[in-house]
Every structure is written in structure tokens, then in C-alpha cells.
Amino acid sequence: MRRTIGFIVVAIGILAYATVLLVGIPSLQLNELALPAEHSPITEPVARGRELYIQAGCIYCHSQQTRDVNMGPDIQRNWGRYAIPSDYVGDRPHLLGTMRTGPDLHNIGARQPSEDWHLIHLYQPRSVLPNSIMPSYQYLFLESSQVPQGMKEVPVPDQWKPEGKRVIATQDALDLVAYLQSLDHTYPIPATTE
Amino acid sequence: MLPISAILLAVVFLVSIIALLILIWSISSGQFSMGPGSPNVIFDRKNPGKVEDPASTDDKRENLQQLLVASSQYRIPQPPPEKNDPASRRDSDASTALITRYLLASSCVWLVLGSFFGLAASLKFNFPDWLNQDYEFTFGVLRALHLNLVIYGWVSMAGMGVSIWLIPRLLKTTLASQSLAIVGGHLWNLGLIIGVFALFAGMTDGVEWLEFPWKTDLLFALGGALIGLPILSTIRRRKVHHLYVSVWYIGAAFVWFPFLFIIANLPIYEGTQHAIVNWWYAHNVLGLWITPFGLGAAYYFIPKVIGKPIHSYQLSLLGFWALALFYSQVGLHHLIGGPVPTWLVSLSVVSSVMMLIPVAAVAINHHRTMWGHFRALRFSPTLLFVVTGAIMYTLVSAQGSAQSLRIVNMTTHFTHATVAHAHLGVYGFASFILFGAIYFIFPRLSGRNWISQRLIFTHYLLSLFGIILYGGVFFYGGVIQGIQMQNSDIGFSEVVANTKPYLWVRSLAGGLMTLAHLVFALHIWWVWYAPKTKKSFIPQTQLESRA
């Protein structure tokens, strides 16, 4: 081809066409969604916890998108009903994830509501799930012989505690758990969508 | 909603097919005005029947020459005429020396760093309680650093370096405004450095492939534009009539990347819409930025080394435009079964399968060109790396098309198979070709010979075994993981436990590759700083006559 400009225009044109298809049209299609009324409220600790979830890179091993029974046994694994676009209204960045090195977390709050369990699990996953390969997130905890006023001690089993010390949850740990507890999309699918 | 999406989908498919037919018609009826010598434009007019591999030794080059050129079927390529006053090979190389050196040296540093981060991230699965006291060393940080450094640091910078070196050679001219490109290179590096510190500090955008804060991303957009502009303006001042297929790939990559990068970084998406944009971008970076660099380089180095034009030039043009048409629509196969509109996923699945057309075009071209010359691999390190990369491209593309099929995807989605596939593409295909290109370019750039053929071969073997373990054994582990995950009788924690041996394989593979990169980088370092001896140094006059 002799004409450089023509080449550039066609190259851009093809990509622009694909962009309209793959970005433009779906954006219009998904624009009118509203957050379902039953969606768990996004409180301040939940919002802070979500930031911590992003920072810690939980997304690299945990998806938040349950699939229809035709695609996999998500429902049999007790991971909840299939996800719908309105479950995610207002999420930025999105946290759908594409890996299940660990289990899906779209409904972890419903499946595992206990704050203590989450704190112990974050401090030492293998104390509750012996097979786990999840890193231990101990930078979210303090280790001290005294529990300071107003702070929460985590009931870690003795064999996993540092010698002679107690494990105390930081605000970050509590916020992250608050976010995990808020992940509950088990409400029925609103009648208006699909 | 359903009928509208169905009509839309049908129209889109129809447009693709019509575009493909127009393309085939225009190539076969000569609309692209290719002269008879178009594929020969890469050969030297003064000395067309000369094999070339600066990475090799004199003895092996002589062997190569005997093997290829002395054979009875060899036909000396006839380069087409040029416009007035074409630049010599030496002038072309001289005009890009600084920027190529800068980009390639930077890319090697990022490669070594990125490899260590990847290895550390992999070891985190084997030792989950290792380095658990500080945020800076968590898996999330290490993994993000690995991905961003190898993509934007290694592959992008090496790809840009190889491309900017190729462009004036292919156009028989000199590079326009090299200083602009150098400023661009600095901005790109600055973006990476700030990005690394930002990720260590927890300032991540949280979007896979776009973790660097969007303000740093502006530096990449600007830097990329400053490197791309000289390339595009060099195309305008070419001294050849025809643009060789590598120029198409390279030119298009520099046009596509800013477009993709800016649209993906716009802060206007949320929810599933953001996920759609995320994977549209991530797959297009592979297809429209990294793949063009790899293919553009392979289309140059394979015929260049063996002194024989590519098998079918028409086919290469079909491959290029079909790649542009179909690759730009494949990204959404990352969300099969997810909460996104079904028609969108169907579109991406069909496009992924249609990718077989450009892949077959490229495969036929690369492999048919090499056919009957595989013994040449023994005498040419460049060819060894580039041809391995080209074979991996065929493999990984066929694998990618298969993995996008709903029935296969059900099993491989969410598993380590996807990760293995990504490595087969970025490492097995793109990185291998870039390694080969750098082995070719470096002697021309420095006027020095590689000191040790054995070190080059060590690098090759370590990388090859690394990627066979990663793309083969670890991929198999991912498939097993997927099959078990699809079976609700097997508990999830059992599935996790069964992946453990494969995660060790991954660390082993990562270790081999990291070692390979150290060999590579130290060899460069050694050659660059070695005292000038007869063995290590090539006088400039000899360079010209050999070119």
C-alpha cells in the first residue's frame, strides 16, 4: 500500500469499529441498571475494606462471579446463585476476577458470616483449612502480650500464636472482614432484569 | 432485548465475512500494488545471495552459507528498485543506534527484575507463610509487579527497540528525529520506576494489566507516542516503493496501542462494564501490541538469516488484516459464563475461532519458508530462537482458539491453564522472537561479537525447558484442576491440595527462566565491557561488507 495515511486510517477504523461493538454498545446496554434494594449496604468500613481487598490483590486468586449451573457446579459448591450485572452497580474498579486458585467470594458473607473465623483465617489460613495455600496476611495484625483498650483480640488457636503473645486485629483487618461479610448476593434476582 | 442482540450479532458476523472477502479480492486482484520484488525488499542489493547472522561465528556462517546458498535449488533474491539516494544499511543502523541501545538495555534490566518478582510470587504458593509480615512482599504486590514489569518493561521496550531498529532498514532510509524517541524512552522508564514504587506503596488501580496508577499511565501514553511518531514519520520518508509486511505490523502497533491504552484508562467505567473494558484491553494488548512486534520481527529475521524470501507474500497481507479484524474482537472470551451480555461473549468466541485464519496464514508462511532448512538452526542462534518462537505462536494460537470454545472454556476457565497459556504466548512466542532479534541486533549495534556461543545455547535450553514445564506440565495441571472443579463430588479444598505439585513445577520453571535471563543479561554485559580483542571486536568496514 502506497498511502501511509490511508493505512493508518484503516487500522484505526478497524479497532474503532471493534471498540464500538465491545465497549460502546455494552456500555449503553448496561447503563440503566440500578443497585437492587436488597444489596447489602456499602457502609464506611465496607468501603475501606474494599480498598484493602484491592490493595492486597485478593482478585488474583478469588473470583467474584458465580456462574449458571450450565457452566459449572457453583451452586452445588454452595457459592450461591449465578451473578447478574446489577450485583455490581457502582463497583470501581470491578473485582470480578478470572482465577479460582481459591474459592469464589461473591457470597462469602452469606456462607461464612463469622467475624472471628475470617480474622483467624486471614492471620493463619492453615489453622482453619489445613490444605490451604493462601498466604497468611499477618501484616494486618499486631502481636503483643497485652490487648490494648478497645482493640479486638483474635482467638487464634494456641499452636499458631507467636510464643507468649496475643494476636490483635488492626482496624485494617476489621475493615477487610467487614467487606468480606458484606459480600452477600443471595437475594432473589430482580424481576425487571433479564 | 433478545431479538435486537441477535440481529446485531448477525450483522456483525456478516460485516466480518464481507470484510474478509473484500480483503481476499483486493489482495488477489493486486489492489495493494505489490511489485514482483516486494518480499525481497529486505535483501541487500549489492550482495543479495548472502546469508546473515551476526550472532553466529565465522565458521558457522560459512557452514550456513554452504548449506543454504550453495544448494542447487537456491535462487538469488532480486531486490526491487529503490527511490533516489537510499541509505546504506550502515546509515540506517547508525541513525537508530542510541535509541535501540537505550530501549534494549532497559528492557533487559526490567526482564531480570520482572523475573525475580515472578519467581517470588510463585514461591509464595509453595511457602505461604514466607515474607508475611510486610505489605510490600505480599503475593498481590509481587504478582502485579511481575506482570507489569514483564509486559511494559521487558516485552514492550524490547519490542519497541527491535521495531525502531528495523524500520529504517526496511525503508532504506534513516530514522527521523531520534532525539524525540529518546525522550519517549526516558518517559516510559520514568513511568515504570514511579509505577514500581506506587505498587510497593499500595497505590494500585486494582485492574489486572492496568495496575499502575492512571497518572503514571499518562507517561506511557506520552512516551509511546514520542517513540511512535518518529517511526510513522520515517515511513513517510521511505526510499522504497513498497512497505514490507513487518512495517505494517510495527506501524499498526504504534497506532493501536495509544488508542487502546487511553480508552481503557478512562475513569468512566464501573461494574460489569469495567470488567468488559478490562478484558477487551488486556487481550488487545497481547494481540495488537505484543503480537505485531513478534510477528513483524519474525517476518524479517527468518527470511533475512536464510537468504530466502517468505513463502507467500500475499498470504502475509491476508494474515495481517485478518489479525486486525478478528483479534480486536476476541477479548471477551475471558468472561464466558460471567455476568455479561451473552451476545458479546458469542461475538468474542466466534472471533477467537476466526483467528485461525490469520494464524494459519502466518504459520504457512513461517514454516513453509523454513521447510527443508531446519539444519540451519545448528548454525544460527538467531534462527534458533526466532523459529522456536514462531512454532510456539502457532501452538499457542491454536490453543487460544480452542480455549475460547464454551465447552473447553468451562474446564480451563478460572484455572492455572489460563496462566500457562498466557506464558506460552508472551514468553514462548514473543519473548523467544525478541531474544533472537536481540542476538542478531546487538553485534550490529556494538560492533562486537558474542563472546560465547555456549552461553547463547545455555540461555536457549534454560528458557526452552522453562517454558515446556510452564506451558506444558503446568498447563496440564490447570486442566486437571478444572476437571476436578467441574466435579462437585470433589471438595474444593481437595482441588486446591491437588494443585500443589504443579505449583512446584511452576516455581521450577520460573527458576529456569530466571536463570536463563541472568545468563542473557550477563552475556550482554560481558560483551559490552570486554576489552577490544580480535575475537570480540568487529571493525566497522567488515560490518558493512558482511551486511
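**Exercise 1. Decide whether A:Cys61 is buried or exposed.**

Solution. Start with the count. A:Cys61 has 20 C-beta neighbours inside 10 Å. Next, apply the cut-offs: a residue is buried with 20 or more other C-beta atoms within 10 Å of its own, exposed with 12 or fewer, and partly exposed in between, the C-beta atoms being placed from the backbone. A:Cys61 therefore counts as buried.

Now place the residue. A:Cys61 lies in the loop between α2 and α3 (108-111) of chain A. Helices here are DSSP runs of H or I with at least four residues, strands are E runs of at least two, and both are numbered from the N terminus. Leaving out residues up to four places away in sequence, A:Cys61 touches A:Met99, A:Thr101 and A:Gly102. Contact means C-beta atoms, placed from the backbone, within 7 Å.

A note on the source: this is a predicted model, in which local features need pLDDT of at least 70 and side-chain atom pairs count only at pLDDT 80 or more, while totals for chains, interfaces and linings use all residues. Residues are numbered from 1 along each chain as its sequence is written, and chains are lettered from A and ligands numbered from 1 in the order in which they are written.

**Exercise 2. Describe the side of chain A that touches chain B.**

Solution. Count the partners. 59 residues of chain A contact 65 residues of chain B. Then look for the elements. α1 (4-30) and α2 (44-56) of chain A each supply at least two residues of this side. α1(A) gives the largest share, 16 residues. Finally, sort by class: 34 residues are nonpolar, 17 polar and eight charged. Nonpolar covers Ala, Val, Leu, Ile, Met, Phe, Trp, Tyr, Cys and Pro; charged covers Asp, Glu, Lys and Arg; the others, Gly among them, are polar.

**Exercise 3. Classify the packing of α4(B) and α14(B).**

Solution. Take the geometry. The axes of α4 (residues 139-171) and α14 (residues 416-446) of chain B come within 10 Å and cross at roughly 45°. Axes are lines fitted to C-alpha atoms, for helices over the stretch in contact, and angles run from 0 to 180 degrees between N-to-C directions. Under 35 degrees is roughly parallel, over 145 roughly antiparallel, 65 to 115 roughly perpendicular, and the rest oblique. α4(B) and α14(B) are therefore oblique to each other.

Now the residues. Those of α4(B) include B:Val155 and B:Trp165, and those of α14(B) include B:Val426 and B:Ile441. The contact has ten nonpolar, two polar and no charged residues.

Notes: Contact = placed C-beta atoms within 7 Å.
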